[in-house]
Protein chains: 2
Amino acid sequence: MSAAFSPLKNDTFLRALLRQPTDYTPVWLMRQAGRYLPEYRATRQRAGSFLGLAKNPDYATEVTLQPLDRYPLDAAILFSDILTVPDAMGLGLHFADGEGPKFLHPLRDETAIRKLAPPPPGSLQYVFDAVTQIRHELNGRVPLIGFSGSPWTLACYMVEGGGSDDFRLVKGMLYDRPDLMHHLLDVNATAVTDYLNAQIDAGAQAVMLFDTWGGALADGAYQTFSLDYMRRIFAGLKKTKDGVRIPSIVFTKGGGLWLDQIADVGADAVGLDWTVNLRKARALVGDRVALQGNLDPTVLFSNPGSIKAETASVLKSFGESANGGHVFNLGHGISQFTPTESVAVLVDAVHSLSRRGLPASA
Amino acid sequence: MSAAFSPLKNDTFLRALLRQPTDYTPVWLMRQAGRYLPEYRATRQRAGSFLGLAKNPDYATEVTLQPLDRYPLDAAILFSDILTVPDAMGLGLHFADGEGPKFLHPLRDETAIRKLAPPPPGSLQYVFDAVTQIRHELNGRVPLIGFSGSPWTLACYMVEGGGSDDFRLVKGMLYDRPDLMHHLLDVNATAVTDYLNAQIDAGAQAVMLFDTWGGALADGAYQTFSLDYMRRIFAGLKKTKDGVRIPSIVFTKGGGLWLDQIADVGADAVGLDWTVNLRKARALVGDRVALQGNLDPTVLFSNPGSIKAETASVLKSFGESANGGHVFNLGHGISQFTPTESVAVLVDAVHSLSRRGLPASA
């Protein structure tokens, strides 16, 4: 099927991930296809619900491409949810109005966890269909990123049944019954590896693991219960497709303190949130990985002058990037309240400032 | 008035903060007087509301002492709220049932911020009265800690009007109008300095700044908009009372990446959350400051064996502490859902394991 895909016209993003020379710093935004766009809200209304949107390849394709029609972004990311895998395992993902994701059948005891099985064949076909359809409609404009939640992040939602401000159920289980938690993470890691490889087969040109809640773990627990399972996934990912490298990205929000270890997890690039000093991060990781990030998304609530200045500050902190290695992004998903004009200012600033060239150090 | 205070019988906590020799590692828990204690819930019910409790010195004294009657903790902390100062500035602190703190009059525009004035004389007398009364009733058992929210953390609530999961109003203002944000932080820093000094005059034997939301800031913004204002406060604090040193503690939740800079802010000790590796932290700060922390509070949802093992792990990570320098604590306030028996296991484990002596390195 992929033989029919058009050749890639803009590979800046992929080159930066692989630390190859680029003409400028590529930029995309986590959650770039989302509620801050009026055209997204219109499609969402037609679809009837978030899941109605995410599970329908036509709609998913439409909203994936929307931000690219507005802004000269350097990558597209599959429109989907990080929790598709546990949903396919039968936990019953749903979204109450104005609330985050919830599971109808959270895993609260040993029986439920021991019964957990991989997603049945075909249960995630809608995702792979969307990937292939998006690749066709992208027509080679920019690369398409596939993704999943990390085993630990999936476990957080699977045990808590939704978001949490303290994760006391899932972390309590981790400390009380580490054996059970390891079983759950083992099932998740296998399922996520298969899921990402199927996205690669369907046409994903890069893949990203969102370890959204890794930063909620204690030092020590993070390495054992999140990082080690992500390592297994990166080791099991297809590294090429039709002879082309498929770069991978890992992002542990709040994981800046563990960067040295994360850089060895097996991903090609590490996402960073805005608490991390990019210059120090670059010095620490050396030539091990590329870095992705890390503008504070709230900068987009200021004014064009400040947006440009803060963008310049992030680029300057990373330093000279003619040899690749930096993908510009926010340090977290873009807020639904972001003014669309701010995004235009940001994307233009990244491109124009990085193309001009910046001093190697600030 | 303080001439009438009884001599201190257990100064282990104060000695550890000042990195002087101690017989064991002292322990107290953030939010130790709180909802996980049935006796607290009973007093709270009699008081009618959280603020009815916090603003009445008799009730505040009663609940401050409750955890000390249950557990052999090495410090008491004034029962109060981090938001008393902006409340006294007229913002109208209130607590809706089951929700966090809210302000009736949040600061949303330049006019409101320019009008902000220090708390009127007498408006915080109830706090100072509580401090003195607690000192008398403590009768020298353990030292009493006074505290305040940091200027930035106060600003978060003052602008947002309550908690937030993205702080887009206050951070948007920071990036859009840094001049306004600096004005607000300047007013807060002066008010907090005066407030903590008045607590010291009233009898507080150590003081702590809670920078609960410092970790929400970007690298760079943290230093300018939170750390620099805390530096001003520590420089302005009374260092002794009646010839006795008054140690100070700073705690930026999520601030582990900035530890090297925080260690130079002027506090005697730095609080750490559970994401920080204590051994690395100790090596980094050297003899500049003591460290306080950093057990993950969710460990208390496991079982006695795990609680002891995780406590041992924290002690071992810090290493030999016969020369002081480590105050055991959780990495965040104790959860209201914590079983009271878990706290007994924890406090006993800290004392017995640290008294036995531990290897200098793990």
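Residues are numbered from 1 along each chain as its sequence is written, while chains are lettered from A, and ligands numbered from 1, in the order in which they are written. Because the model is predicted, local features need pLDDT of at least 70 and side-chain atom pairs count only at pLDDT 80 or more, whereas totals for chains, interfaces and linings use all residues.

**View 1. The open sheet of chain A.** Let us start with the strands. Seen in order, β1-β4-β5-β8-β9-β10-β11 of chain A make an open sheet of 7 strands with parallel pairing. At its edges are β1 and β11 (326-327) of chain A, each pairing on one side only. Strands here are DSSP runs of E with at least two residues, helices are runs of H or I with at least four, and both are numbered from the N terminus. Two strands pair if DSSP finds at least two bridges between them. Further along the sheet, β9 (residues 269-271) and β10 (residues 290-292) of chain A are parallel and share 3 bridges; look for Gly271(A) opposite Gln292(A) in β10(A).

View 2. Strand β5 (residues 206-211) of chain A is mostly covered, with 6 of its 6 residues buried. Buried means that 20 or more other C-beta atoms, placed from the backbone, lie within 10 Å of the residue's own; exposed means 12 or fewer, and partly exposed is in between. Ala206(A), Met208(A) and Phe210(A) point one way from the strand, and Val207(A), Leu209(A) and Asp211(A) point the other way. In a regular strand the side chains alternate between the two faces of the sheet. Parallel β4(A) is joined to β5(A) by 5 bridges, and Phe147(A) stands opposite Met208(A). Another 5 bridges join β5(A) to β8 (residues 248-252) of chain A, again parallel, where Ser248(A) is the bridge partner of Val207(A).

**View 3. Helix α7 of chain A and its surroundings.** Helix α7 (residues 125-138) of chain A has 14 residues and reaches 20 Å from first C-alpha to last, close to the expected 20 Å. That expected span is 1.5 Å times one less than the number of residues. Among the buried residues of α7(A) are Val127(A), Phe128(A), Val131(A), Ile134(A) and Leu138(A), along with Thr132(A) and Arg135(A). Their cover includes α4 (57-70), β1 (76-77), α5 (84-91), β4 (144-149) and α10 (178-202) of chain A.

**View 4. Helix α4 of chain B.** Over in the other chain, α4 (residues 57-70) of chain B has 14 residues and reaches 21 Å, close to the 20 Å expected. Its buried residues include Ala60(B), Glu62(B), Val63(B) and Pro67(B). The buried residues of α4(B) pack against α2 (38-47), α3 (50-54), β1 (76-77) and α7 (125-138) of chain B.

**View 5. Where chain A meets chain B.** Here 27 residues of chain A are in contact with 27 residues of chain B, contact meaning that C-beta atoms placed from the backbone lie within 7 Å. Helix α9(A) gives the largest share of chain A's side, 5 residues. That side divides into 9 nonpolar, 11 polar and 7 charged residues. Nonpolar covers Ala, Val, Leu, Ile, Met, Phe, Trp, Tyr, Cys and Pro; charged covers Asp, Glu, Lys and Arg; the others, Gly among them, are polar.

**View 6. The axis between the chains.**

Methods
Two residues are in contact if their C-beta atoms, placed from the backbone, lie within 7 Å.
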